[in-house]
Amino acid sequence: MFKKLFAALGVKSKVRADAPYGTAELNAVHNMLFADDAGSLFGDAPDPRVVQGIAQDATEESRVRLLAAQWLRDHGHQPAAPDMLGVIIEVPLDKGMDTLAAYADGRVRYIDQHGHTAVFEGAPSNIADQAKTLVATAIAACAVAGRQKPVYAPAEGRMRITFLEQNGNRMMEGLFTNIMRDELAKPVLEQGRALLDLVAKPESA
């Protein structure tokens, strides 16, 4: 995943952040990882108290909780106790972009540079546990990350970490070398590397 990151920087990518892959279907999968578009998921006029309950339910799927929090913010409410519930690491490579998403409930999604996808719904247990470790490790970095929504996908030689927080997603982006020097971001990448090793070799689980 992290090979080729020391290549020349090149010009800023002109690939839209919401369409980094070659097909509409794969871009839709990529967009759903960020859980930031509740749409009509909760119906036309849901009870905000019910949506608040979903957002705070630790037994609910992390992405559903994030979408509930998104709905609350869009309708003038704030999540009662906002949590950071996911981490997405995006790295441009020779033939596309690797995207690794981990959630606080242990779920994992991975799209490689060739457009192949892998989905882990809380199992195997070692993958779920590592996903939870990655998210927990990222809480400190999330607290200092910015909120500006990206326009373009990361350019060659750069990478992006998105923190999925119920108060709104946060982001760190920069050269791989610079992010690895950041005392808060470096542990996130190290845990992401450990998760990717498991995801890319599930037969070893």
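## Reading salt bridges and burial

Both R170 and E165 are buried, and this is a predicted model.

Q: What do the side chains of R170 and E165 meet in?

A: The general idea is to look for a Lys or Arg nitrogen within 4 Å of an Asp or Glu carboxyl oxygen. Here, R170 and E165 meet in a salt bridge, with 3.1 Å from N to O.

Q: How many salt bridges does the count come to?

A: It comes to 15.

Q: Is R49 buried or exposed?

A: For this you read the relative accessible area, and over 50% is called exposed. R49 has 68%, so it counts as exposed. R49 also forms a salt bridge with D47, where the closest N and O atoms are 2.9 Å apart. D47 is partly exposed, at 28% relative accessibility.

Q: Where is T162 placed?

A: You'll find T162 in strand β5, which covers residues 158-165. T162 has a relative accessibility of 6%, so it counts as buried.

Q: Which residues does T162 touch, leaving out those up to four places away in sequence?

A: T162 touches F34, G86, V87, I88, E90, N169, R170 and M171.

Methods. Residues are numbered from 1 along each chain as its sequence is written. This is a predicted model: local features need pLDDT of at least 70, side-chain atom pairs count only at pLDDT 80 or more; totals for chains, interfaces and linings use all residues. Side-chain values use heavy atoms; hydrogens and water are left out. Buried means under 20% relative accessible area, exposed over 50%, partly exposed in between (1.4 Å probe, protein chains only). Helices (H or I, at least four residues) and strands (E, at least two) are DSSP runs, numbered from the N terminus. Contact means heavy atoms within 4.5 Å.
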